[in-house]
Every structure is written in structure tokens, then in C-alpha cells.
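Colleague: I would like to go through the labels used for this structure and see what each one rests on. Please give the cut-offs as we go.

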Amino acid sequence: MALSTNRTAINHLLKPLTVSTRHLSSATITIETSLPFTPHKIDPPSRAVETNPKELMKFFNDMALMRRMEIAADSLYKAKLIRGFCHLYDGQEAVAIGMEAAITKKDCIITAYRDHCIFLARGGGLHESFAELMGRKDGCSKGKGSSMHFYKKESAFYGGHGIVGAQVPLGIGLSFAQKYSKEEHVTFAMYGDGAANQGQLFEALNMAALWDLPAILVCENNHYGMGTAEWRAAKSSAYYKRGDYVPGLKVDGMDALAVKQACKFAKEHVLKNGPIILEMDTYRYHGHSMSDPGSTYRTRDEISGIRQERDPIERIRKLILAHDIATEKELKDIEKEKRKVVDEAIAKAKESPMPDPSELFTNVYVKGFGVAVFGADRKEVRATLP
């Protein structure tokens, strides 16, 4: 979206499209992506993206909720109500939102440990999210996964994985199952630039290409693998080209509509031709995890510059205002409401009990095989699992 801070430029760009959309929620609006797509061994999709007021308002609502959830998670971690690892997604919301807008709940998503907002986009609830973050029974993984292991199988969200890059081969396995079952669905296997040099990624990609699997590898390039800048870790940081024989596309990952267009294009491509790599050029505002202040390897000016020029929520806000879909006050009221909703979800999650100690023995073995747990002497049965 040509989203210059110059309001005149915005209005000029969108002038033919600003007819009263306030009461026409399904009226089509065509927006040009902020930047062109950069292709590798493939013709890129059109920069003209169709949307409508209803979708733009949904984007704003969903991203505002995600942003507020992550800010609240920061506070809960500092209050020691969230323990262990915690990786926040604020700044990268456009990837989750745009991807979801292009697919269905039959399409699979699997990601690494920065997973809270992907879970929300897949239809997960705030109560389940905060309960999981605090290790409570009502959590989406019953309080046993915490921040890195959100999961929602009924929406084809397969986690939430803590081992760097290990989710990619699993994602290729999901796409293999889809092709084997003759489904017209695809899998998005997500990873960061820090995982882009993993050998298992290239092994899995090779198999996906050999078998023409409906796999979309999504590199969320936020430019820092933990505290290491991409240029220090990768000889080539053009991650969309790293598939060599596999087509790729570089996308402005701070532009929700560009992400939507790219994911729609990628889904159509892989169902006919096999895998593709999407590199989402994005940015995280927090450090790598809550143990990382995020300011020792980059400047505060860099972070504030990205916020001012590329923030995904502000881009959508400008579009909504330019099209007279909502007023500035209405948008601020939405953000205030999100604060209230998040606070209520936290309060409810705090009331959820801790998991029963017996939960230590569940979800370890497959049910229905009569597994018995013995003592060291194998004489006394300690437990019989379902």
C-alpha cells in the first residue's frame, strides 16, 4: 500500500476508490501493495489487491488485539506469572493476518516458538492463550506447553515448536499427507531467518520438490536471529532464492494486503506445481525473547524508525481513514476495547487451576494400546495408562 505519511499523497492514490464505503461493507476496494514483489524463477502476482471495508476493519481489530495481547504478556512475564521462554510477535502481525485471509482452516500451519498470534489468527481464544502462557489447566495445550507450544488441531494449527527449524520437516510431512489423501489443501511451514541455514530445512525442501508437494515455506525474516544480524549469519540473505531449484517470492511482511496476495498466489501455485518459498520482510519490536532487551545489537532509532514508517497496524489505520470507513475516534475506541477484553481474559485465566500432577503421564503414549508403567524391578505396576 503506498502509505506515505503525506496524507495528500494517500488521498491522490486512493481518490477513485473513496466513494462512501462506510455503509458498503462489501464494496470492493483495489489497493496497490506498498512495494513490488521480488520473484525468483516465477512470475510475481499483481500488486493490485482487492479488499473491502469489512476486511480492513477485521484486519485492524485482529491486529490491535494481537498487539495488546503481546504487550500484556510482556507485563505478565515481568510479574513472573509467565515462566520459562516467551517470544513475542508484536510488529509481525501482518504476516499472521494476511496469511489467514488467503486460506481456509483446512490448510495447515506449523510454526516455531513465536506462535501466540498465529494461534489467535487460527481462531484460538484469549482465555486459552493466557491460561497456557501461565501454565494453567484451561490452556490450549492444557498448561503443559506454555509460550512455545500453542496448538489447535481442529483449525489445522500444529504448533508451536521449540527446536530451531525442526517444524519444517513436520510441515513437509503434513503436505505429503495432503497430497497422499488427494486433498486440495496446502501447508504453510513457517520459520525465521535464524533457522534458514538449518540442514533439515534443505533436506525437507528437496523431498517436497521431488514429490511436488503442496508446501509453502514461509521465512519470517525479522532480520535478527536471536541477537545476530542476518548479514553476520548468512552468506546470502536473499532467503526467497535459497531454494535454488524451488521458486521464491520476497514480500513486504509489514503489509497485510501484500501478504494476503502472496499467500493466495502461493496456494494456487503449489497445488499445481509443488513447493514455493515466501520470504516475509518483517520486524519484531521486542527482543528475541523476554530475556533479550533487544537493544544491544540494534539502535532504538532503528526500532522507532520502523514503527513510524512501516508499522502494520498504522498502515491499515491510514487506509481505513483514507476511505472514510471509520473515524480516528472509532479506531481509538476499538483499541481501548481490546485493552478491556485482554484484561478480562487475563483475570479469567488467573482463576484457572494448575494441571493435576497426573497430567505428567498423559499425551506421552498413544491411547488404546494398554500401556503399563512398571517400577525398575518390573514386578510392580506403577500405573496403567488409557
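Modeller: Leaving aside residues up to four places away in sequence, Ser-147 touches Phe-85, Cys-86, His-87, Tyr-113, Asp-115, His-116 and Leu-133. Contact here means heavy atoms within 4.5 Å. The model is predicted, so local features need pLDDT of at least 70 and side-chain atom pairs count only at pLDDT 80 or more, while totals for chains, interfaces and linings use all residues. Residues are numbered from 1 along each chain as its sequence is written, and side-chain values use heavy atoms, with hydrogens and water left out.

Colleague: Why is Ser-147 called buried?

Modeller: Buried means under 20% relative accessible area, exposed means over 50%, and partly exposed lies in between (1.4 Å probe, protein chains only). Ser-147 has 0% relative accessibility, so it counts as buried.

Colleague: What makes the pairing of the side chains of Ser-147 and His-116 a polar contact?

Modeller: The distance between them is 2.7 Å. A polar contact is a pair of N or O atoms within 3.5 Å; within protein, one must be able to donate a hydrogen and the other to accept it, and residues adjacent in sequence count only if both atoms are side-chain atoms. The pair of Ser-147 and His-116 therefore counts as a polar contact.

Colleague: Where is Ser-147 placed?

Modeller: Ser-147 is in the loop between α5 (126-133) and α6. Helices (H or I, at least four residues) and strands (E, at least two) are DSSP runs, numbered from the N terminus.

Colleague: Why is α5 described as largely enclosed by the rest of the structure?

Modeller: Seven of the eight residues of α5 are buried, hence the description. Among them are Leu-126, Phe-130 and Leu-133. The buried residues of α5 pack against α2 (53-78), α4 (116-121) and α12 (328-351).

Colleague: Is Tyr-180 buried or exposed, and why?

Modeller: Tyr-180, in helix α6, has 66% relative accessibility and therefore counts as exposed.

Colleague: Which residues make the nonpolar surface patch?

Modeller: Phe-176, Tyr-180, Met-207, Leu-210 and Trp-211 make a patch of about 590 Å². Patches are made of residues with over 30% relative accessible area and no salt bridge, with like charges joined within 9 Å and nonpolar side chains (Val, Leu, Ile, Met, Phe, Trp, Tyr) within 5 Å. A salt bridge is a side-chain nitrogen of Lys or Arg within 4 Å of a carboxyl oxygen of Asp or Glu. Accessible areas come from the Shrake-Rupley method with a 1.4 Å probe; for residues, only the protein chains shown count as cover. α6 (167-180) and α7 (199-210) each supply at least two of the patch residues.
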